[in-house]
Amino acid sequence: SHPTPPPPSFGLAPTFYQPPPNLLKGSELSRTLLSSTSKLAKEISSLTSKEPSLTVITVGDHPEGGTLPTASLRRRMYSSRDNSWYDKVSTGKKHGIDVTSTVLPVDASTSDVLRAIEDAKDSDGIQLMWPLPEGIDSHACFSAIQVEKDVDGLVPGSETTPITVDAVLILLEKNGVKVEGKNVLVLGRSKIVGKPLSEKLLEMGATVTVASAETTEKTLEGHLKVADVVVSCVGLTGVVDLSLVKEGCTVVGVGKTFDEDKGYESDLTGEGKVGLYSSSPGGVGPMSVAVLMRNVVDKAWKRVERQEERKSKGVLTDAEFASKPLPPGWSGRPLKKTFRLPSHPATLSFLSAVTDLSEKIDHHPDVDIIHKCTEGVEVVLKYETYTVGGVTSKDFEAVEMLEEVMAER
């Protein structure tokens, strides 16, 4: 038989500190997740010569949560450059992920945020830091992020699980905590943690009770006494009295408050005969940036898969597209050119020639016709192979043949 491995020491001498055996160790899980993420990031880089990439957009004077007045102090007190929510650029660099931090002034407009999102379109993932200042249309901004680039789980219609929710579920799963058939109490119903967490737990077969600001102290006490699992996402110091929970209950503290003199203070207080537990900071927190980086690499891998699929269907790569010469006036994807005709009869004759060629080669362009009154007619032709969703060699051949036909007219 193999000897039982010693418990993780968190890099500290055993004579100095040993974590309690019932502690849900988010830091250890975070390092494991980041290690596997780093390996996959390197594989993607070797395949594509491009690192997985993330753009973090923050509105406020201080990066990474700058709308909070204590953001700068938080970064100084709780920031490891290898695994830091407050320094994602360094964390990404450590693990083979190219992270760009875009910081907008606190008085930025909705248009400014939308422009920053558009500028980040080439990144594998986009994270728009929450909360946004008042006056910015949050729904419009988050909706502008493509679902295939949503790494935060906050984009409408996205299938990405919100980061903190995923972190909680991983923490429970990896420590053998099953929620199916169990009574789970969730404190808090925010749209980024409490509400989606409750929905996920319901999907997993748990009986879920949600406590909110309207829940009385007496009612909360009753729920605490019967819950098998308690997850507090409130951010209210000491809201969960551990002396009230039933023996063996698993308790996860997600919420925390920050005091400039005391530092982070957990939602959990008191002592009790709890089973597994995780306070904050130190439990779910370290998992958050690891889940974020994993999501970025997952999105990058899907990019690689899409590129391979498109390549197998004949869609030209960026390099192949750039190497192909285009006749004057043609540009973009799809291949597009505007033809200006002096009159409607000339336009009909032109379109007839285009139709004849299209039927001959069995490849038809999209056609936009714009009447310009006394200035004639504009006809815009666009070539893209619809069946594969991209520009192929056949589109270039069609353009060349069309130019030859036009030159003979």
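In this predicted model, the side chains of Glu118 and Lys121 meet in a salt bridge, at 3.8 Å from N to O. A salt bridge is a side-chain nitrogen of Lys or Arg within 4 Å of a carboxyl oxygen of Asp or Glu. Side chains of opposite charge can pair when their charged atoms come close. Glu118 is partly exposed, at 45% relative accessibility. Lys121 is partly exposed too, with a relative accessible area of 44%. Buried means under 20% relative accessible area, exposed over 50%, and partly exposed in between (1.4 Å probe, protein chains only).

Arg303 forms a salt bridge with Asp124, and the closest N and O atoms are 2.5 Å apart. This pair links distant parts of the chain, 179 residues apart. Arg303 sits in helix α9 (residues 284-312), while Asp124 is in the loop between α4 (110-119) and β3 (125-128). Helices (H or I, at least four residues) and strands (E, at least two) are DSSP runs, numbered from the N terminus. Arg303 is buried, with a relative accessible area of 10%. Asp124 is buried as well, at 3%.

Arg340 and Glu378 form a salt bridge, with 3.3 Å between the closest N and O atoms. Arg340 lies in strand β13 (residues 335-341) and Glu378 in strand β15 (residues 377-383), so the pair ties together parts that are 38 residues apart in sequence. Arg340 is exposed, at 62% relative accessibility. Glu378, in contrast, is buried, at 16%. Salt bridges that share partners also join Asp166, Arg294 and Asp298 into one network. The count comes to 13 salt bridges.

A negative surface patch is formed by Glu397, Glu400, Glu404 and Glu408. Patch residues have over 30% relative accessible area and no salt bridge; like charges are joined within 9 Å, and nonpolar side chains (Val, Leu, Ile, Met, Phe, Trp, Tyr) within 5 Å. Glu404 is in helix α12 (residues 393-408). Glu404 is exposed, with a relative accessible area of 51%.

The protein chain has twelve helices and 15 strands. Buried residues make up 45% of its 409 residues. Contact means heavy atoms within 4.5 Å. Among contacts between residues at least 6 apart in sequence, 66% join residues at least 24 apart.

Residues are numbered from 1 along each chain as its sequence is written, and side-chain values use heavy atoms, with hydrogens and water left out. In this predicted model, local features need pLDDT of at least 70 and side-chain atom pairs count only at pLDDT 80 or more, whereas totals for chains, interfaces and linings use all residues.

How values were computed. Areas by Shrake-Rupley, 256 points an atom, 1.4 Å probe, with all protein chains shown as cover. Lys, Arg positive; Asp, Glu negative; His and termini not counted. Charge placed at Lys NZ, Arg CZ, Asp CG, Glu CD.
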